[in-house]
Amino acid sequence: MATFAYSRVSTKDQTTENQRLDIEKAGFNVDYWFADEGISGKTHASQRPQFKALLGQIRDGETLVVTKLDRLGRDAQDVGATIKALVERKIEVIVLQLGKLDLASPAGKLMLNMLAAVAEMERDLLVERTQSGLARAKSNGKILGRPPKTTAGQRDKIIDMREKGASVSELSRAYGISRASILRITDKSI
């Protein structure tokens, strides 16, 4: 029977190499490696291209190894459903962070639910801290998002020229910005 390994990172700047090294260091002789890069843990496992491919290739009775439970997802329901579907196919799921724990046993199910709930809580706290930081920055006068391509003076001139009959396309070419930007600027003046 074959051994499969799955790794995932959330951004394109990250690499799955550390997860691969951890699995190899744990002594697993992996036959098939699957890695999703730039895929958030919020994305359900069934929607990840490489995990989907893994599910199509792994056969009943084989083994799947991941480094941590949150590689399978950050949502307790998604992780639980994914593990349940694998266990129903008699696929042994090994999560290195849990040690040698049978996830199909009552103790394994309890541990799985607790860890998935903790992973979901950590994700929620991260989102909460991010939103709080953005709100604080906004209240301190920080302008968020992409800086405008036009100055206040240019925007005033665009509004004035538009009122004098200049076309949106003409202004777009003259200022090197999109038609949508011209419309957004002139709509603010109404």
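Q: Hey, quick one to start: which residue does R59 form a salt bridge with?
A: R59 pairs with E62, and the closest N and O atoms are 2.7 Å apart. Keep in mind that this is a predicted model.

Q: Good to know. Is E62 buried or exposed?
A: E62 counts as buried, because its relative accessibility is 1% and the cut-off for buried is under 20%.

Q: And how many salt bridges turn up in the whole structure?
A: A search of the whole structure gives 4. One of them joins the side chains of R71 and D70, at 3.0 Å from N to O. Another joins D160 and K164, at 3.3 Å from N to O.

Q: Let's take R71 first: buried or exposed?
A: R71 is buried, at 11% relative accessibility.

Q: What about D160, then: buried, partly exposed or exposed?
A: D160 is partly exposed, with a relative accessible area of 35%.

Q: Okay, changing topic. How many residues are in the largest nonpolar core?
A: That core has 22 residues, and Y6 and L64 are the ones with the most contacts inside it. At least two of its residues come from each of β1 (3-9), α2 (49-57), β3 (63-66), α3, β4 and α4.

Q: Which element gives the largest share?
A: That would be α3, with 3 residues of this core.

Q: You mentioned L64. What does L64 touch, leaving out residues up to four places away in sequence?
A: Quite a list! L64 touches F4, A5 and Y6, then F51, L54 and I58, and also L86, I91, E92, V93 and I94.

Q: Nice. Which residues does the second, separate core include?
A: I159, A166, V168 and L171 are among them, in a core of 8 residues.

Q: While we're on that part of the chain, how does the span of α5 look?
A: Helix α5 runs over residues 152-163, which makes 12 residues. At 1.5 Å a residue it should span 16 Å, and its end C-alpha atoms are 17 Å apart, so the two agree. Just after α5, G165 takes a positive phi of about 105°.

Q: Which residue has a positive phi although it is not a glycine?
A: K90 does, with a phi of about 65°. You'll find K90 in the loop between α3 (76-88) and β4 (92-95).

Q: Is K90 buried or exposed?
A: K90 is exposed, because its relative accessible area is 64% and the cut-off for exposed is over 50%.

Q: Back to loops. Where does T150 lie?
A: T150 sits in the loop between α4 and α5.

Q: Buried or exposed, that T150?
A: T150 is buried, with a relative accessible area of 8%. Not counting residues up to four places away in sequence, T150 touches R155, I158, I177 and I185.

Q: Last topic, the surface. Which residues form a nonpolar patch there?
A: L110, M111 and M114 do, and together they have about 270 Å² of accessible area. L110 belongs to helix α4 (residues 106-139). L110 is exposed, with a relative accessible area of 52%.

Q: Remind me, why do residues three or four places apart in an α-helix point the same way?
A: An α-helix has 3.6 residues a turn, so residues with that spacing end up pointing the same way.

Note on methods
Residues numbered from 1 in each chain as written. Predicted model: local features only at pLDDT ≥ 70, side-chain atom pairs only at ≥ 80, totals over all residues. Heavy atoms only, no water. Helix = DSSP H or I, 4+ residues; strand = E, 2+ residues; numbered from the N terminus. Buried < 20%, exposed > 50% of the residue type's maximum accessible area, 1.4 Å probe, protein only. Patch = residues over 30% accessible without salt bridge, like charges linked within 9 Å, V, L, I, M, F, W, Y side chains within 5 Å. Areas by Shrake-Rupley, 256 points an atom, 1.4 Å probe, with all protein chains shown as cover. Expected span 1.5 Å × (residues − 1). Core = buried A, V, L, I, M, F, W, Y, C linked by side-chain atoms within 4.5 Å. Contact = heavy atoms within 4.5 Å.
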